[in-house]
Amino acid sequence: ATPLSVTIGTGRGARAGVLYRSAEALQGAHDVDTIVLDKTGTITQGRPELADALSVQGLDEDLLIRAAASAESNSEHPLAQAIVQAAKDRNLELVPIKDFDSVTGAGIDATFPSGSFKSMTENSRNEENTLHVLVGNRRLLEGKGIDLGNGMADQAGAQSLLDTARSWEDQGRTTIFVAIAGRLAGVLAVTDQVKSGSKQAIHDMNERGIQTIMLTGDNQGTAEQVGSQVGVTRVVAQIHPEDKAGIVKALQAQGHKVAMIGDGINDAPALAQADLGMAIGTGTDVAIESADVTLVSGDLNAAVKAIDLSAATMRNIH
Ligand code: ADP
Ligand code: MG
C-alpha cells in the first residue's frame, strides 16, 4: 500500500469508529481467514440480568437469592453483579461474609458465620462455626462434592432442578448453581442480550469467506444457543480464560491468519497472540492496550469495516 493509501484508510477508519494502532495493523487486516470472538461483552452486551430463580423444595426463593448475592458481594464478575443487583431490587439484606475464594471460570466459595441463612441450616448439625455458600457452574459444585442430581423443584418436585437448568440453557440463559451448607439450594438463570449489530456483522464475516469461532467459559448449551442465534461457524464452550490465547495459537499453527475480538482482561493474551487483535472500545483498558485495532462503539460491524478498509488500502482503491 502507498503511504497515501494508508493515510486515507486510517482517516476513513477513524470516521467509522475503527482506530488502528499502526500502519501495519491497517495493512494486516485484509487477509484474515478466521475471526475468534469472545462471547460475553463482545457478541453480547455484557450486562447480565437475573431472569429466573428456582429453589429446592422447602427453601424460600428470596433466601436463595440473598445467600447467592451475599456470597457474590465481593466479586467483580459481571454475573456476580447481576445477582447482587437482583437482591437490591428485591430489598434483600446481604449477610457479611467471613471469607471468600474466587475460582476463576467457575464461581465463588464464600464462608459465613454458622447460623446465617437460618431456615436452610437449622437441620444440618454444624460442628464447625462456619458455613459455605457455593455459587457457580456445575463443575464448581461437583468439585466440592455437591450432589446436583437429587434437587427437586419447588412445585411438588415435578421437575428436577437439573432439567429446569437445561431448559434454561437451551434458551441461551446462563445457569448458576447455588449450594448452602453442603446441599444444593437452587439454580439461577441470567440473561445477557446479544448486541443489536452482532448477527449482521457475523453474517458479513461469513460471507467474506472468514470462519467465525465463538469462545466462552459458559456452558455448552447456553453457548450453542447464542452461537446459532448470531450464526457463528463454530462454538468452543466451557474453556478456561487462560485457554483463549492457546486456541488462537493452535489455529495459527494450522496455517490460519487469525483475528481476535474481545473486551475483557482475560482476552488480552489472545488479542496479543492474534495476527490482528481487535478490542471493544467499551471494554477494559488492558484489552485495548493489547490490541492492534479498537472498535470504538463496540458494534461488531466495525470489525467488518476494519477488514474491508484494509483490503481497499492494500489494493490502493479509494
Ligand atoms: P465468560 O467466558 O463467559 O466471560 P468466565 O470464564 O468468566 O466466563 O466464567 C465461566 C463460567 O464460570 C461462567 O459462565 C459461570 O458459570 C462461572 N462463573 C465464573 N465466575 C462466577 C461468579 N463469580 N459467579 C457465578 N458463576 C461464575
Ligand atoms: Mg468478554
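1. Strand β2 (residues 34–38) runs parallel to strand β9 (residues 211–215), and five bridges join the pair. Within it, Ile35 has Thr212 of β9 as its bridge partner. Strands here are DSSP runs of E, at least two residues, and helices are runs of H or I, at least four residues, both numbered from the N terminus. Two strands pair if DSSP finds at least two bridges between them.

2. This is a predicted model: local features need pLDDT of at least 70, side-chain atom pairs count only at pLDDT 80 or more, and totals for chains, interfaces and linings use all residues. Residues are numbered from 1 along each chain as its sequence is written, while chains are lettered from A and ligands numbered from 1 in the order in which they are written.

3. Confidence comes next. The chain's average pLDDT (the predictor's confidence in each residue, from 0 to 100) is 92, and 93% of the residues score at least 70.

4. The open sheet has seven strands, ordered β1-β13-β12-β11-β2-β9-β10, with mixed pairing. β1 (18–20) and β10 (234–236) are the edge strands; each has a single partner strand, so one side of each lacks a neighbour in the sheet.

5. The chain's domain assignment (bounds from an automatic or database source) gives domain 1 (3–46 + 194–314) and domain 2 (49–191). Their centres, taken over C-alpha atoms, are 34 Å apart. In contact (C-beta atoms, placed from the backbone, within 7 Å) are 12 residues of domain 1 and 12 residues of domain 2. Helix α10 (residues 220–230) supplies the largest share of domain 1's side, five residues.

How values were computed: Contact = placed C-beta atoms within 7 Å.
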